[in-house]
Amino acid sequence: MLTAIALAWPVLPLHAEEIGEVSTVFRFLGKNDRIVIEAYDDPKVEGVSCYVSRARTGGISGTVGLAEDTADASIACRQVGDTLRFTAKLPRQEEVFSERQSIVFKRLHIVRVVDPLRNTLVYLTYSDRLIEGSPKNGVTAVPVPRSNPIPLKK
């Protein structure tokens with residue numbers, strides 16, 4: 001069992017894959033402010049990937065990882081494989097991914113919500129802080145064919 005986990009570990013997505021970016025503000029020192037596009041593969045649903053675009057602060061503080069990025073984010077999740085395969089039973093709601101957006105206080109979250117009535121996976125992205133969150137969010141849905149019912153945890 002431990003050997004199987006050790007062999008599978010390197011192929012599991014540990015972070016987002018940055019697939020593109022555009023510059024929005026020129027900075028004389030450090031990186032420019034930019035919008036990045038990142039891909040996240042759902043670890044329990046093979047064949048679904050989520051694409052998130054979000055702002056990244058540049059300058060010296062952004063280059064060394066001390067800047068706080070804004071809470072603006074957009075998400076689009078799609079079926080990217082020929083079929084969807086569930087690797088485990090899914091809870092009705094689960095955090096799929098979380099990543100820090102500032103040195104300590106702010107995090108980006110992607111949450112999967114199962115809509116069993118419509119046999120659909122709904123993904124939500126938002127940011128929060130240690131003390132307060134932001135109402136800014138993005139939502140997208142991936143319909144699953146009725147011939148492939150979503151396995152739910154009881």
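Me: Which residues does V45 touch, not counting residues up to four places away in sequence?

Reply: Contact means heavy atoms within 4.5 Å. By that criterion V45 touches L84, R85, F86, L90, R112, L121 and Y123, with residues up to four places away in sequence not counted. This is a predicted model, in which local features need pLDDT of at least 70 and side-chain atom pairs pLDDT 80 or more, while totals for chains, interfaces and linings use all residues. Residues are numbered from 1 along each chain as its sequence is written, and side-chain values use heavy atoms, leaving out hydrogens and water.

Me: Which residues touch the most other members of the largest nonpolar core?

Reply: In soluble globular proteins, nonpolar side chains tend to be buried together. A nonpolar core is a set of buried Ala, Val, Leu, Ile, Met, Phe, Trp, Tyr and Cys residues joined through side-chain atoms within 4.5 Å; buried means under 20% relative accessible area, exposed over 50%, and partly exposed in between (1.4 Å probe, protein chains only). The largest such core has 21 residues, and Y40, V45, I110, L121 and Y123 touch the most other members.

Me: What is the phi of N119, and is N119 buried or exposed?

Reply: Most residues other than glycine have a negative phi. The phi of N119 is near 50°, a positive value. N119 is buried, at 6% relative accessible area.

Me: Which residue has a side chain that joins T140 in a polar contact?

Reply: A polar contact is a pair of N or O atoms within 3.5 Å; within protein, one must be able to donate a hydrogen and the other to accept it, and residues adjacent in sequence count only if both atoms are side-chain atoms. The side chains of T140 and R78 are joined at 3.5 Å. A polar side-chain atom of T140 also lies 3.4 Å from the backbone nitrogen of C77.
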